[in-house]
Amino acid sequence: SVQSLINLEIPSVRKFQQNVESKQEIAALAVEMIHDDDVIILDAGSTTLEVAKRIHSNHVTVITNDLKVGVALAENENVTLLVTGGQLIPSVHTLAGADTIHYFSRIKVNRLFLGCDAFDFTWGISNRTMEEIAIKQAMINAAREVIVVADHSKFDRHVFVHLCDLQSIHVLITDRIDPDKRDMLEQRGIRVVTPGSPRHAKVKE
């Protein structure tokens, strides 16, 4: 069972087959938050890959450690693409290690589009593998705005390693969410964006 693999990375080929329509809906909302001349980080993952395929703003600089994201952006004339160094994790086409962490620790960007393996409304965001945690934390530290892109299947779950508390994020983009959980996040100053929800709302500084 995929759900029971709390500490094993799921190969990307399997991730790409899960909740495809939800990820596409999320990506369509996410690209509306990418503006002309933005400098952004796209985290590794199947949802951020869908975001990469849809970027249409002009003069956007994208930094990523995901080779599939890089390939998707390679011929986009609107994008200046920067790919981090690091050692390849073959099953997920992701670059990791000290070089990757060092790269993100030296930059500052407008916004980060962050994927996650699990989103618990009390414990926060978690990930299946230890080696990606330090990279994702460096991404968070590099970004002025942290935008989580996660479909509803990630909710009310936690996996192996804690990444961050909810106070570390500014926006959640998802396909659907229970009204009480939306209210709880918004009371904490976290903007929640779903299909049909208002696009322009105040978020915490």
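Start with helices H2 and H3, which cross in a right-handed way; a crossing gets that label if the near helix is turned clockwise from the far one by less than a right angle, and left-handed if anticlockwise. One thing before you click further: this is a predicted model, where local features need pLDDT of at least 70, side-chain atom pairs count only at pLDDT 80 or more, and totals for chains, interfaces and linings use all residues. Numbering runs from 1 along each chain as its sequence is written, and side-chain values use heavy atoms, with hydrogens and water left out.

**Stop 1: the helix pair**

Select residues 20-30 for H2 and 46-54 for H3; the two pack at about 50°, with their axes 8 Å apart. That angle makes H2 oblique to H3. Here, angles under 35 degrees are roughly parallel, over 145 roughly antiparallel, 65 to 115 roughly perpendicular, and the rest oblique. The axes are lines fitted to C-alpha atoms, for helices over the stretch in contact, and the angles run from 0 to 180 degrees between N-to-C directions.

Now show side chains. On the H2 side, the contact uses Lys 23, Gln 24, Ile 26, Ala 27, Ala 28 and Ala 30, while H3 brings Ser 46, Thr 47, Glu 50, Val 51 and Arg 54. Contact means heavy atoms within 4.5 Å. Colour those residues by type and you get five nonpolar, three polar and three charged. The nonpolar set is Ala, Val, Leu, Ile, Met, Phe, Trp, Tyr, Cys and Pro; Asp, Glu, Lys and Arg count as charged, and the others, Gly among them, as polar.

Stay on H3. Seven of its nine residues are buried, so the rest of the structure largely encloses H3. The buried ones are Ser 46, Thr 47, Thr 48, Leu 49, Glu 50, Val 51 and Ala 52. Buried is under 20% relative accessible area, exposed is over 50%, and partly exposed is in between (1.4 Å probe, protein chains only).

**Stop 2: zoom out**

With the whole protein chain in view, you have seven helices and 12 strands. These are DSSP runs numbered from the N terminus: helices are H or I with at least four residues, strands are E with at least two. Of the 205 residues, 53% are buried. Among contacts between residues at least 6 apart in sequence, 60% join residues at least 24 apart.

**Stop 3**

Select Cys 116: its nearest cysteine sulfur belongs to Cys 164, 8.6 Å away. Cys 116 is buried, at 5% relative accessibility. Cys 164 is also buried, at 5%.

**Stop 4: His 158**

Go to the loop between strand S9 (143-149) and strand S10 (161-164), where His 158 sits. His 158 is exposed, with a relative accessible area of 52%. Leaving out residues up to four places away in sequence, His 158 touches Ala 118, Asp 120, Trp 123 and Ser 126. Draw a C-alpha to C-alpha distance to Trp 123: 7.6 Å, for residues 35 apart in sequence.

**Stop 5: positive phi**

Most residues other than glycine have a negative phi. Asp 37 has a positive phi of about 70° and is not a glycine. Find Asp 37 in the loop between H2 and strand S1 (39-42); Asp 37 is exposed, at 54%.

Finish at His 93, another non-glycine with positive phi, near 55°. His 93 lies in the loop between strand S4 (87-89) and strand S5 (94-96) and is partly exposed, at 29%.

How values were computed. A disulfide is a pair of cysteine sulfur atoms within 2.5 Å.
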